[in-house]
Amino acid sequence: SGARELADRLGLDPRAVHVSREGQAEYGFDHHPVRDGDAFEFGSVLLTARYTPGHTPEHLSYLIAEKERPQAPWGIFTGDSLFAGSAGRPDLLGGRQTDELARRLFYTLRDFYLRQDDGLMVFPCHGAGSACGADIGDRPMSTIGFERRFNPFLQYDDLDEFTDFVRQSAPPEPAYYQRLKKENANGPEILGGLPPAPGLPPHRFQAEIKRDAAVLVDTREMLAFGGGHIAGAVNIGAREELASWAGQMLDHDRPILLVLERETMLPWVLRQLLRVGFRRYAGYLAGGMKAWENAGLPLKKATQMTVHELKERPPEMQVLDVRSPSEFASGRIPGARHFYVADMRDAHDGIDGLDKHRPVAAYCGSGYRASIAASLLQRLGFEDVRNVPGSWQAWTNSKYPVEK
């Protein structure tokens with residue numbers, strides 16, 4: 001996604017950007033086409049493009065070999081076609097293309113990967129937690145032999161059975177994928193640097209909030225957010241997950257107002273948000289929440305509730321599991337209702353089955369997504385919202401009962 005920006009900063013011809021032209025791919029910018037079999041030398045290393053469709057129609061992987069032994073590759077950069085313990089999902093371009101891409105993925109796995117030597121080292125593009133595949137392993141590399149034995153996507157000989165498995169195992173689709181796919185194909189705007197985000201003193205920041213033209217995002221960690229934040233803020237903490245969850249939860253058509261842990265974090269936060277296409281900012285709170293507090297401006301709190309308190313909760317407490325459907329199905333806190341946090345971006349009046357006037361505690365895997373959910377529940381008008389730090393990890397590590 002940043003290839004055109006990099007070429008511009010290096011003063012290169014725009015056609016220095018190399019992209020796959022397989023699968024009838026088209027682009028809205030100058031480029032150098034890459035096709036199956038094209039080879040590239042890097043010192044003593046030779047990379048050879050191989051057409052591996054399925055995740056997308058144009059997908060390429062790259063065999064790695066020594067230049068003197070081009071017919072004996074020792075590794076492969078698999079991109080989003082083959083992961084450790086998984087494979088690239090074929091459903092991100094929309095329903096009508098899913099069956100065709102699943103068919104292509106089936107033959108990519110059978111007719112290309114399963115014909116490779118067991119010793120070929122596999123270097124995938126994504127690891128655990130990525131939504132590009134189902135239940136991706138946390139190993140940064142693998143081998144064809146290991147995947148041949150243990151990867152569930154490589155165990156099918158029947159196309160229909162494989163397609164059913166792919167559809168059932170796919171994690172929820174991130175809301176921003178199709179938008180970014182089109183934007184990357186057209187060519188993202190070249191900025192020449194990070195997008196501007198002016199620092200606003202507290203009263204000007206408050207005036208921007210009241211205009212209601214921008215979305216307010218608090219990037220502090222959950223305990224700081226819980227201790228005191230600006231009403232209406234969405235809490236998406238400044239961790240590695242920031243980019244994906246901002247892309248998932250925020251309205252791309254609205255500018256962003258930022259609250260930061262420290263002003264020195266602004267470049268890092270802007271870079272993360274740029275990765276999912278956010279370029280417009282109404283500003284950030286200069287001086288942070290300390291300046292807001294010193295200006296005497298109002299604060300909102302989000303109560304933090306330990307798993308020990310949650311276990312001894314009163315009968316009127318509503319427990320909301322905001323993890324993905326597969327996580328919920330694998331085990332949950334007894335009595336919890338399920339509502340995936342990403343679906344809250346479209347909730348306007350509340351959550352079916354939850355009473356706004358009764359206390360509600362939100363939990364996820366560790367508390368990060370639960371804090372997003374808690375902030376959104378507050379915006380929806382829930383009167384008493386609790387976030388559970390540690391969440392499912394803390395619950396299971398405490399040996400508390402689990403419901404399935």
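Is Arg-211 buried or exposed, and what is its relative accessible area?

Modeller: Arg-211 is exposed, because its relative accessible area is 55%. The cut-offs are under 20% for buried, over 50% for exposed and in between for partly exposed, with a 1.4 Å probe and protein chains only. The model is a predicted one, in which local features need pLDDT of at least 70 and side-chain atom pairs count only at pLDDT 80 or more, while totals for chains, interfaces and linings use all residues. Residues are numbered from 1 along each chain as its sequence is written, and side-chain values use heavy atoms, with hydrogens and water left out.

Arg-211 pairs with Glu-208 in a salt bridge, with 2.9 Å between the closest N and O atoms. A salt bridge here is a side-chain nitrogen of Lys or Arg within 4 Å of a carboxyl oxygen of Asp or Glu. By this rule there are 27 salt bridges. Both Arg-211 and Glu-208 belong to helix 6 (residues 202-211), where three residues, about one turn of the helix, separate them. Helices are DSSP runs (H or I, at least four residues) and strands likewise (E, at least two), numbered from the N terminus. An α-helix has 3.6 residues a turn, so residues three or four places apart point the same way.

Another pair is Glu-327 and Arg-369, whose side chains meet in a salt bridge at 2.9 Å, N to O. Glu-327 is in helix 12 (residues 325-330) and Arg-369 is in helix 13, so this pair ties together parts 42 residues apart in sequence. Glu-327 counts as partly exposed because its relative accessibility is 24%, whereas Arg-369, at 14%, is buried.

Arg-332 forms a salt bridge with Glu-403, with the closest N and O atoms 3.5 Å apart. This pair links distant parts of the chain, 71 residues apart: Arg-332 is in the loop between helix 12 and strand 18 (337-338), and Glu-403 is in the segment after helix 14 (391-397). Arg-332 counts as buried at 15% relative accessibility, and Glu-403 as partly exposed at 32%.

In helix 8 (residues 242-249), seven of the eight residues are buried, including Trp-245 and Met-249.
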